[in-house]
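Subject: Handover of a structure and its salt bridges

Dear colleague,

Please find the structure below. My notes on the charged side chains follow it.

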Amino acid sequence: MRLKNIITDEVIKGTAASGTNDLESPLVDPGTILEVRHVAVENRTTAYTRLVIGGADGLSFFQKEEEDSPSANNIYWTKSKFLIPAGKKLRARLTGCTSGDDLHMTYEGYLWEVE
């Protein structure tokens, strides 16, 4: 494997829907692996019922970490790294949001080229 890029990105949903909302990275390109070292998620508006973070492809969601009853305006972050293979993406699922919530996910890591 060879380092292709260092990734720092933010996903924002400024007017969330009521209920469940997903914040997602772009799909990982063929021939690469995204190694996510840090993920931070925040609902800047209201408290919600559950936060789950993991890898996803289409409807499949491979949940790796969770936080129950996150409070508003607090940043929650992961305790482990994530390896996201080609064709999948990083997903943070926030359940119990209120319509109009301001949601943010920031993630950092490395994009590796697979030979």
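What is the relative accessible area of Lys81? The value is 39%, and Lys81 therefore counts as partly exposed; the term covers the range between buried (under 20% relative accessible area) and exposed (over 50%), computed with a 1.4 Å probe on protein chains only.

The model is predicted: local features need pLDDT of at least 70 and side-chain atom pairs count only at pLDDT 80 or more, while totals for chains, interfaces and linings use all residues. Residues are numbered from 1 along each chain as its sequence is written, and side-chain values use heavy atoms, with hydrogens and water left out.

A salt bridge here is a side-chain nitrogen of Lys or Arg within 4 Å of a carboxyl oxygen of Asp or Glu. The count comes to 11 salt bridges.

Glu35 takes part in two of the pairs described here, with Lys81 at 3.4 Å from N to O and with Arg37 at 2.6 Å. Glu35 is buried at 6% relative accessible area, whereas Arg37, at 48%, is partly exposed. Lys81 lies in the loop between β6 (76-77) and β7 (82-85), and Glu35 in strand β3 (residues 32-43), 46 residues apart. Strands are DSSP runs (E, at least two residues), numbered from the N terminus.

A salt bridge also joins Glu24 and Arg91, again with 2.6 Å from N to O. This pair connects strand β2 (residues 19-24) with strand β8 (residues 89-97), across 67 residues. Arg91 is buried at 4%; Glu24 is partly exposed at 25%.

Yours sincerely

Definitions and conventions. Helices (H or I, at least four residues) and strands (E, at least two) are DSSP runs, numbered from the N terminus.
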